[in-house]
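Colleague: Let's go through this model together, from its helices to its ligand site. I'll ask, and you show me how each answer comes about.

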Amino acid sequence: MAFIVITAGALAVSSLPAETAGPAAKIDYNRAVRPILASHCFKCHGFDAKERKAGLRLDLCDEAVKPRKSGRPAISPGRPEESLLVERITSTDEDHVMPPPSTGKKLVEAEKDLLKRWIAEGAEYQAHWAFIPPRRPALPAVRGHIGWPQNPIDGFILARLEKEGLRPSPEAGRTALIRRVTLDLTGLPPSLAEVDAFLGDPLHIHDLNATILHCLGIDHTRLTFKFQGRDFRLTDVAGNVAHRLLA
Ligand code: HEC
């Protein structure tokens, strides 16, 4: 049942941009840098001591900024031109470039630029995201459109739309909503009876609940049901979905 809640949530967030704060935002280690290092470098410069090459760790800030034999560190925060990492990733010498060509991996220009920019900005590492308490981000500045934004999440979506020169689509009608929810849940369009029942209910929410439950093959006269060994209350599950769809 968690499925339908996630599905409905996805309708709201699927258009969220990867980086919401705009082009001037500081590079985020967890979001942008760690994935590049993890897939291209950590195999030989990570926590696994047996696999580690040149005694170099790039997964820990303290290790990455230590001066190496040459006197220069792999990462010199704020100084990409002094950082061995930048020298190695931009090298055109096959024996020098990182990752070594024998790995079959290669950084593209955008990834190299990103690493350079991150070092120029101070090379701030972050703990794994799971250990960072969630913080409410500042709301982006938006010009606003008729009826938008209606809630803070809309603000993030609108900021990205405005960046792309797009406008929010007009709100979908009830028929489109019922069609979306049944297609989402069953892969089939709603029956005429389901559409009529939904349109005929002045409150809408109750019929949408019933339709969702019907699509899922659940008898909506029962108040609780078991799914994968857990008890669910229909009102919670369906109510949540309906409220999100109609919000
Ligand atoms: C398959 C293993 C492997 C991978 C993957 C790899 N390296 Fe290396 N790296 C090495 C080896 C071996 C050396 C030592 C030989 C050398 O200097 O070329 C080295 C050396 C280095 C050095 C120089 C250290 C010094 O003291 O001079 C840097 C900086 C470096 N790697 C950065 C990276 C970065 C950044 C990545 C990912 C983009 C990466 N490496 C991926 C194997 C690897």
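This is a predicted model: local features need pLDDT of at least 70, side-chain atom pairs count only at pLDDT 80 or more; totals for chains, interfaces and linings use all residues.

**Helices, cores and the ligand shell**

Colleague: Which residues of H7 are buried?

Modeller: Helices here are DSSP runs of H or I with at least four residues, strands are E runs of at least two, and both are numbered from the N terminus. A residue is buried if 20 or more other C-beta atoms, placed from the backbone, lie within 10 Å of its own, exposed if 12 or fewer, and partly exposed in between. In H7, the residues that count as buried are Phe 156, Ile 157 and Leu 158.

Colleague: Why do the buried residues of H6 line one face of the helix?

Modeller: The buried residues of H6 are Leu 115, Trp 118 and Ile 119, whereas Glu 109, Ala 110 and Asp 113 on the other side are exposed. Seen down the axis, they line one face because they fall within an arc of 100°.

Colleague: Which helices do the buried residues of H6 pack against?

Modeller: Contact means that the C-beta atoms of two residues, placed from the backbone, lie within 7 Å. Leaving aside neighbours within four places in sequence, Trp 118 is in contact with Ile 27, Val 33 and Ala 123. As a group, the buried residues of H6 pack against helix H2 (29-40) and H5.

Colleague: How many residues does the largest nonpolar core have?

Modeller: A nonpolar core is a set of buried Ala, Val, Leu, Ile, Met, Phe, Trp, Tyr and Cys residues joined through C-beta atoms within 7 Å. Among those with the most contacts inside the largest one are Ala 74, Leu 85 and Trp 118. H5 and helix H6 (109-120) are the elements that give two or more residues to this core.

Colleague: Is Gly 122 buried or exposed?

Modeller: Gly 122 lies in the loop between H6 and H7, and just after H6 it takes a positive phi of about 115°. Leaving aside neighbours within four places in sequence, its contacts are Pro 77 and Gly 78. Because it has 11 C-beta neighbours inside 10 Å, Gly 122 counts as exposed.

Colleague: Which helix gives the most to the shell around the ligand?

Modeller: Of the 22 residues around the ligand, Cys 41, Cys 44, Lys 53, Arg 68 and Met 98 come nearest. Helix H3 (42-45) and helix H5 (84-90) each supply at least two shell residues. With 4 residues, the helix that gives the most is H5.

Colleague: What share of the 247 residues in the protein chain is buried?

Modeller: The chain's secondary structure comes to 11 helices and 2 strands. Over its 247 residues, the buried share is 18%.

How values were computed
Residues are numbered from 1 along each chain as its sequence is written. A residue is near a molecule or strand if its C-beta atom, placed from the backbone, lies within 6 Å of it. The arc is that of the directions from the helix axis to the C-beta atoms.
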